[in-house]
Amino acid sequence: MYTRQMLATVLLVVIGCLSSVAHAKPQSCSLGELTRNVSVIYNDPGQPVPCEVWYEKPTEGVQAETLWQANNEAGYCEARAAEFVDKLTNLGWACNSNSPTVADTAQPAVEEEAE
């Protein structure tokens, strides 16, 4: 029996293999009056790496920070972002795709790196 998370992972692998897919859709999550935004940012538009997963809390005045980044592994950022959005959803947040809300010039703090 497949769990929801396993199905999401399989879907991400399939999508990651499609060369026509270059960008993940930003996600906006809300819980009451609070908002969280999760975005995959690409340093070279149209290229899957290098990339970063940015997380921000705009309703609390918290600027974007980098949760994960990858320089060589295509699909890594998209998978981590999807897992994080799934985690928020499981905690009761309502998430949906939105237009980007993180400024392209922001300099987030780096917490974790993958190659």
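1. The core. Eighteen residues make up the largest nonpolar core, and Val 38, Val 40, Cys 51, Val 53, Cys 77, Phe 84 and Leu 88 touch the most other members. A nonpolar core here is a set of buried Ala, Val, Leu, Ile, Met, Phe, Trp, Tyr and Cys residues joined through side-chain atoms within 4.5 Å. Buried means under 20% relative accessible area, exposed means over 50%, and partly exposed is in between (1.4 Å probe, protein chains only). At least two core residues come from each of strand 2 (34-42), strand 3 (51-57), strand 4 (62-70) and helix 2 (76-90). Helix 2 gives the most, with six residues. Helices (H or I, at least four residues) and strands (E, at least two) are DSSP runs, numbered from the N terminus.

2. What you are looking at. This is a predicted model: local features need pLDDT of at least 70, side-chain atom pairs count only at pLDDT 80 or more, and totals for chains, interfaces and linings use all residues. Residues are numbered from 1 along each chain as its sequence is written, and side-chain values use heavy atoms, with hydrogens and water left out.

3. Five strands form an open sheet in the order 4-3-2-1-5, with antiparallel pairing. Strand 4 and strand 5 stand at the edges with a single partner strand each, so one side of each has no neighbour in the sheet. On average, neighbouring strands are turned by 20° against each other, direction ignored. Two strands count as paired if DSSP finds at least two bridges between them.

4. Strand pairs. Strand 1 and strand 2 pair in the antiparallel sense over five bridges. Ser 30 has Thr 35 of strand 2 as its bridge partner. Strand 3 and strand 4 are also antiparallel, over six bridges. Here Trp 54 stands opposite Thr 66 in strand 4. The hairpin of strand 3 and strand 4 has four residues between the strands, and Gly 61 in this hairpin takes a positive phi near 75°.

5. Edge strand or enclosed strand? Strand 4 stands at an edge of the sheet. Yet seven of its nine residues are buried, so strand 4 is largely enclosed by the rest of the structure.

6. The helix on the sheet. Helix 2 lies across strand 1, strand 2, strand 3, strand 4 and strand 5, and runs at about 170° to strand 2. Such angles run from 0 to 180 degrees between N-to-C directions, and axes are lines fitted to C-alpha atoms, for helices over the stretch in contact. Contact means heavy atoms within 4.5 Å.

7. Disulfide one. The count comes to two disulfides, a disulfide being a pair of cysteine sulfur atoms within 2.5 Å. Cys 29 is joined to Cys 95, S to S 2.0 Å. The S-S torsion of this pair is about 115°, so the disulfide is right-handed. Cys 29 lies in strand 1 (residues 27-31) and Cys 95 in strand 5 (residues 94-97), so the bond ties together parts 66 residues apart in sequence. Cys 29 is buried at 0% relative accessibility, whereas Cys 95 is partly exposed at 24%.

8. Disulfide two. The sulfur atoms of Cys 51 and Cys 77 are 2.1 Å apart and form a disulfide. Its torsion is about 90°, so this disulfide is right-handed. Cys 51 in strand 3 and Cys 77 in helix 2 are 26 residues apart, and the pair links distant parts of the chain. Cys 51 is buried at 2%, and Cys 77 is buried at 0%. With the bonded cysteines numbered in sequence order, the pairing is 1-4, 2-3.
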